[in-house]
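Hi there,

Here is the structure I promised to pass on to you. Have a look at it first, and then read my notes below.

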Amino acid sequence: MYVRSVTQRDFAELMQLITAMIDHHHELDPLYRSSEDYEKLRDDVAAWLCDKDLRVFVAAHDDETSIGYIRIGREIAPAYIASKYIGVIYDIFVLPQERRK
């Protein structure tokens with residue numbers, strides 16, 4: 001297994017992982033929309049890949065099959081932090097069958 005930055009060629013697999021995460025949350029709490037109800041999902045994910053303050057990485061098997069992803073970003077720090085920016089984890093997801101391995 002290895003971790004690498006997402007590229008445009010990963011878009012379809014990334015969408016599958018994000019859809020799985022959204023649907024998992026929807027099953028736990030119906031206040032979360034299902035992926036079918038999230039009309040702008042493809043556009044939002046495409047925007048992530050162009051945002052200079054976001055990074056998306058995938059975890060993949062050696063055969064390059066993606067098994068998880070993490071989306072991280074940079075935000076302006078609150079006033080009580082000395083640094084100008086802070087790092088934030090927005091999403092992290094691993095396919096259920098790949099967890100704890």
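Is S66 buried or exposed? S66 is buried, with a relative accessible area of 8%; buried means under 20% relative accessible area and exposed over 50%, with partly exposed in between, using a 1.4 Å probe and protein chains only.

Before going on, please note that this is a predicted model, where local features need pLDDT of at least 70, side-chain atom pairs count only at pLDDT 80 or more, and totals for chains, interfaces and linings use all residues. Residues are numbered from 1 along each chain as its sequence is written, and side-chain values use heavy atoms, leaving out hydrogens and water.

Back to S66: you will find this residue in strand β3, which covers residues 66–76. Helices (H or I, at least four residues) and strands (E, at least two) are DSSP runs, numbered from the N terminus. Leaving aside residues up to four places away in sequence, S66 touches R4, E13, L17, V58, A59, A60 and L95; contact means heavy atoms within 4.5 Å.

Now for the whole protein. It has two helices and four strands, and along the sequence they follow the pattern β-α-α-β-β-β. Of its 101 residues, 32% count as buried. The C-alpha atoms fill a box of roughly 40 × 35 × 30 Å, taken along the principal axes. Among contacts between residues at least 6 apart in sequence, 45% join residues at least 24 apart.

Enjoy exploring!

Best wishes
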